[in-house]
Amino acid sequence: MADIRIKGRMVNAIRITLETNDHDAIRQQLAPKLQAAFPPGTLVVIESTVEQELIALIQLLISMDVQPMAVTEGLLADQARAIQFPVLPPDRQLQEIKATKEQVIEVKPEVVKSEAGTEEVKAAPVIAHVTSYHDEILRTGQCIVQHHGDIIISAGINSGSEVIASGNIHVYGSARGRVIAGAGGNTAARIFCHALEAELISIAGTYCVADDIPPHVVKKPVHIYLNDQLELVFETLEF
């Protein structure tokens, strides 16, 4: 029996692009966004358009309950290599577009009465779930991201495009790009499409590239989910 086995696994990480080296400004602007959308310990790839002191920046991000894992090739690369910190090649540039429509479900704040008898709102509304609807083909170089729920695309997605959701993804057409559901670790997320021709499929970090997609489901209506062993399961849909 082999002592080492390699399994495909996509790391869920966010990319933070910095245009300032003022740590007070970074904390003030970044901390609320992290707390609102990402759990503690989220992995972070760092990108900067200005010179930074990398070690101090890493310590700053750790203090905000995220875990720096790498920098992108660029201004910080030499410092990273000097301390044996990972350097990643730059991603292909995608244009993030807004979905045609969004349905937002909020948890209403608790209303309590003060001693004087007046009503007071105890907390601000919290977004519980968002469904993004997109009525056009997602073109090459475009992406749609939904951190709080599901994405439903009533047309197809072209090769070189990307769909990322924390929840489920439905593509009522050909899925030719990168389809990433369960972003953030939601293992219950599922993917549905009318014709599977994707470059990459991923649910909660477990992924499959085009060459490894089972041949019998290619160009077919497919339902994709994770089994109890966190392996991708591809099931054809009958209409």
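I began with Q84, which I found in the loop between α3 (77-82) and β4 (87-88), taking helices (H or I, at least four residues) and strands (E, at least two) as DSSP runs numbered from the N terminus. I was working on a predicted model, in which local features need pLDDT of at least 70, side-chain atom pairs count only at pLDDT 80 or more, and totals for chains, interfaces and linings use all residues. Residues are numbered from 1 along each chain as its sequence is written, and side-chain values use heavy atoms, with hydrogens and water left out.

I looked up the backbone of Q84 and noted a phi near 60°, a positive value in a residue other than glycine. Q84 counts as exposed because its relative accessibility is 77%; here exposed means over 50% relative accessible area, buried under 20%, and partly exposed in between (1.4 Å probe, protein chains only).

I then turned to A204, in the loop between β16 (200-203) and β17 (206-209), where phi is near 50°, again positive in a residue other than glycine. A204 has 2% relative accessibility and therefore counts as buried.

Next I checked the ring of Y225, and found the charged end of R190 sitting over it, 4.7 Å from its centre; the criterion is NZ of Lys or CZ of Arg within 6 Å of the ring centre and within 35 degrees of the ring normal.
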